[in-house]
Every structure is written in C-alpha cells, then in structure tokens.
Amino acid sequence: MALYMSCASGVESLLAQEVDRILDGKGQVVESRGGVEIQPPAQLRQPGERHAAMAYFAMRLNLESRLAQRVLWRVASRVYRNEDDIYHLGRSVNWSDWITPRHTLRVDVTSRRSHLQSLNFAALRVKDAVCDDLRERTGERPNVDTRYPDLSLVLYMDDMEATLYVDTSGEALFKRGWREDTGEAPLKETLAAAMLAAAGWQGRPEDGALLDPCCGAGTIPIEAAQIACGIAPGLQRRFAFEKLLPFRSHLGEWQAMKQAARERQHPPQVAIYAGDVAFRMTDFATRNAERAGVKQYIEFKTADALQRPVPCERGVLMFNPPYGERIDTKGSVRNAYRARSESESDEDMPASNVRVGREQFQDDEAATFFQRLSSHWKKQYTGWSAWILSPDMKLPSAMRLKESRRVVMFNGPIECRLFRFDLVAGGNRRAAAASADAPAEPGQADAS
C-alpha cells in the first residue's frame, strides 16, 4: 500500500520536501525518478490503520500540494511477460471495494521499455479485469467513460514489472479551478510553484517583495499571492477520490480539512507586483487573480519590462520570458519585433480573429531584448535577485551577467534552466571579488 505523486522532471527533491511538510513528517517519503512515493507510518501494523492513514494522506496531499501532477494510489504490482499477466494483475484487486457497477472507469497506460506490442491492448485487459471482477461479485459491470470517469486507473510498465494505480486526483493538479483566460502557451501552475520553491520564496517578510514583469496570464504572481496568503491550491476544485467507495467514510474529515484550510487564510506580509507590456495580458491576469481570490493582493501594471522602475528597495524578480516572442503595449508588435504588416493591428481585426498572445521575433532581436533588460536591472534593481526560466543555456552570456545558481526544470517537453542572478552594485571586478568572498553561492551578477 503506497501513494505515488508524479511531478515534472527536476522537481522531485522539491516535491519530497513539500510532502514531508504537508504530512508533518508522518509518512515515509522516498524520492524517485519523476515523483515521490509515500508509505504509511512504520508503526502502523493493522491494515485498517494503514488504510485510514493513506486515505488521510491522499486527501491532504490533493488539497495542499502545489508541485505534484497527480496523487496515485498503488493497488497492485507484479512481474509480467504478456497481456495475460496484465489481466491477472487487474484481477488481483477486489474492485467492489472501490466502485459499484454504476460507476464509470477509464484506463491509461504509461510505459518505459515495455516489451508488449500494444499498450492499448494492455489497457483493454485491465478494463476487462475490472469488469469481470464486478460482474462476478455483483452480476453487473461498469461502463467506460473516457472523458469524465468515476474511476481512473493508471497502468505503469517498465521492462519487467507492471504496477496499477488508482488516480485519486482526477484532473491534473495544475488545474486549480480558477483559470479561464489564458495567453498563448500559459505556464502551468505547478511549474510556477516549483520556480518559487526553488527560489525559497514563501511569502515571508524576510523573502522580500516579488515582481513578475512579464506576467502573461498571471500564473507566477497568482501562485505567489496564494502562497503568501496561506491559500490551499485545491480549495476551488473537486477530486476523483470524492466519488470512490474507500473515501465515503472519510468525507466528514475531508469537509473539516477544507474548512480548516479556509480559516487559516490571511493577508500577505509582502508586496506582490506584476504586469505585462500588453494591456490585454495584464487584463487577463487581473481577471484570473480575481477568480483565484487574490486580486486585491497583487499590484498589476501594464508596463514595458525594459522601462519599469523598481517598486521597492528589496525583492525578487521572477518570470518566464516568452521564448522568442514579444508584443507591444497596445496589442501591435513593436517596430523592432514586428511580425505582421504595419497596417494590421489587433484593434482593427474582428474579435474572433484577435490572437491574444506574444508575437515572434528573431534570435538577434531576443538577444537585444535581454541585453537591454539586464542593463535596466543593473541601474534600477540593485540589491534584488532575479530568477529567469529559459531553454537557452547561454542566457547568462546574452545578458552579460554571471548566474549564481541554475536549476534544471522542464516546461512540458522543453528542457530549461532556472537561472538566478544577484544584482549587486559595482563593476565586473568588484562583483567577481564579492563572489570569491561569499561562502553561500559561487557567483554574483555584474550590476555595473
């Protein structure tokens, strides 16, 4: 009996720390590739006690985790050779403990080096096992619903072993329940939370203010505001476990858990600033923040990141710059980054054709943007730290800054680095000397 929480590559250690904090150290947390596994406390020996502990863990982790993609409950595992072994894996579970014939189900398969020829057929064998088990026990079988199932199963296979999980989350956990308006290719909430976690920013007074100068749909500042306000990420959505039989006796505890989360909310202790050069994106982000319950705690301002003045003495810059894209304040592309004819503008186009996003520009234009950005930061943001997520491994050179830290993170399939730059006063030589004298981290930024 165990839970498995999947996450983006590079976030495993951060997730393990988060889980340990959420569970107050009560679970046995083991970091693995692509996620972490949680087992019940070692002192619990009785099956009923272990089951109750896992149900509590599953509810609490779904409600509180900002970094995980899903919370999966492991129900069976075995060595396999062929599809018949997969069927027997499915038959090893008493499915009447989980659902009734009136529930619906879906089976998804993920694989790493599996020798089976058809993953779809493996999924079909699991579905057959569940249906056959319920038919033998109740005389009826459940139906399949590939869109909104009551029971979602995940079959994972490597080259030797197959493991079957119940998905207790339902929709992926990055879907917090507040997003409606997005820009083009919005940053997932889980990745924004991972960026904040890697930076150690928790909304404490000692963390300083936070500014996202290219906020897009507002994901980073909204996550930051919810963290600073103690808002649980899962409070505005529902979860798959709420329909499953093992959790029916725990629904009272679940309601109490949510109520306690509501009561702990508080105003933030630090300022949070955000904005975008496109007023449409700032407006979108503001509406998203309102649905997330944090609009009043974020100061949005439509402004060019290359010109935005420093809002306070000390803080953290954090943003996910558009990968080779930029848009002008009024929705048309700047002269230096123009991708359409000058005669076209968003205001002149029918509403159905308006593209709310960021226009492409060439590599040399991107380099110019980052050079101008770093120059602006050196003049305006001395004493701040800046965190930038980028797939460009040469970004520090492009910005003419020396990173003090880099963290591997994946934005979907794109391998990125989260770079930290410490913006300090002085030229290259003084920055290098400060770096040599500093025991904490191996580098400082050029802030001349």
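In which hand, left or right, does H3 pass H4? That question opens this friendly note, and the answer comes in point 2.

1. Overall picture. Please keep in mind that this is a predicted model. The protein has 448 residues, and 54% of them count as buried. Its secondary structure consists of eleven helices and 17 strands. Looking at contacts with a separation of 6 or more, 75% come from residues 24 or more positions apart. The accessible surface is about 20400 Å², and carbon and sulfur atoms contribute 46% of that.

2. The H3 and H4 pair. Here is the answer to the opening question: H3 passes H4 in a right-handed crossing. Helix H3 covers residues 83-91, and its axis comes within 8 Å of the H4 axis, with the two crossing at roughly 40 degrees. H3 is therefore oblique to H4. From H3, the contact uses Glu-83, Asp-84, Ile-86, Tyr-87, Gly-90 and Arg-91.

3. Arg-125 is found in helix H4, which runs over residues 119-138. Is Arg-125 buried or exposed? Its relative accessibility is 17%, so Arg-125 counts as buried, the cut-off for buried being under 20%. Leaving aside residues up to four places away in sequence, Arg-125 touches Glu-83, Asp-84, Ile-86 and Tyr-87.

4. How many of the eleven residues of H6 are buried? Ten are, and the helix, residues 219-229, is mostly covered. The buried ones are Thr-219, Ile-220, Pro-221, Ile-222, Glu-223, Ala-224, Ala-225, Gln-226, Ala-228 and Cys-229. They pack against two helices, H5 (189-199) and H8 (279-291). They also pack against strands S9 (209-212), S10 (272-274), S11 (298-300) and S12 (315-319). Just after H6 comes Gly-230, with a positive phi of about 70 degrees.

5. How H5 meets H6. The axes of H5 and H6 are 9 Å apart, and the helices pack at an angle of about 65 degrees. Their crossing is right-handed. On the H5 side you will find Glu-189, Ala-192, Ala-193, Met-195 and Leu-196. Facing them in H6 are Thr-219, Ile-220, Glu-223, Ala-224 and Ile-227. By class, the H5 and H6 contact has seven nonpolar, one polar and two charged residues.

6. Two arginines with positive phi. Arg-113 is not a glycine, yet has a positive phi of about 65 degrees. Where is Arg-113 found? It sits in the loop between strand S5 (104-111) and H4. With a relative accessible area of 58%, Arg-113 is exposed. Arg-400, again not a glycine, has a positive phi of about 60 degrees. Arg-400 lies in the loop that links helix H10 (395-399) and strand S16 (405-411). Its relative accessible area is 57%, so Arg-400 is exposed, the cut-off for exposed being over 50%.

Conventions
Residues numbered from 1 in each chain as written. Predicted model: local features only at pLDDT ≥ 70, side-chain atom pairs only at ≥ 80, totals over all residues. Heavy atoms only, no water. Helix = DSSP H or I, 4+ residues; strand = E, 2+ residues; numbered from the N terminus. Buried < 20%, exposed > 50% of the residue type's maximum accessible area, 1.4 Å probe, protein only. Contact = heavy atoms within 4.5 Å. Areas by Shrake-Rupley, 256 points an atom, 1.4 Å probe, with all protein chains shown as cover. Axes fitted to C-alpha atoms, helices over the stretch in contact; angles between N-to-C directions. Parallel < 35°, antiparallel > 145°, perpendicular 65-115°, else oblique. Left-handed = near helix turned anticlockwise from the far one by under 90°. Nonpolar A, V, L, I, M, F, W, Y, C, P; charged D, E, K, R; others polar.
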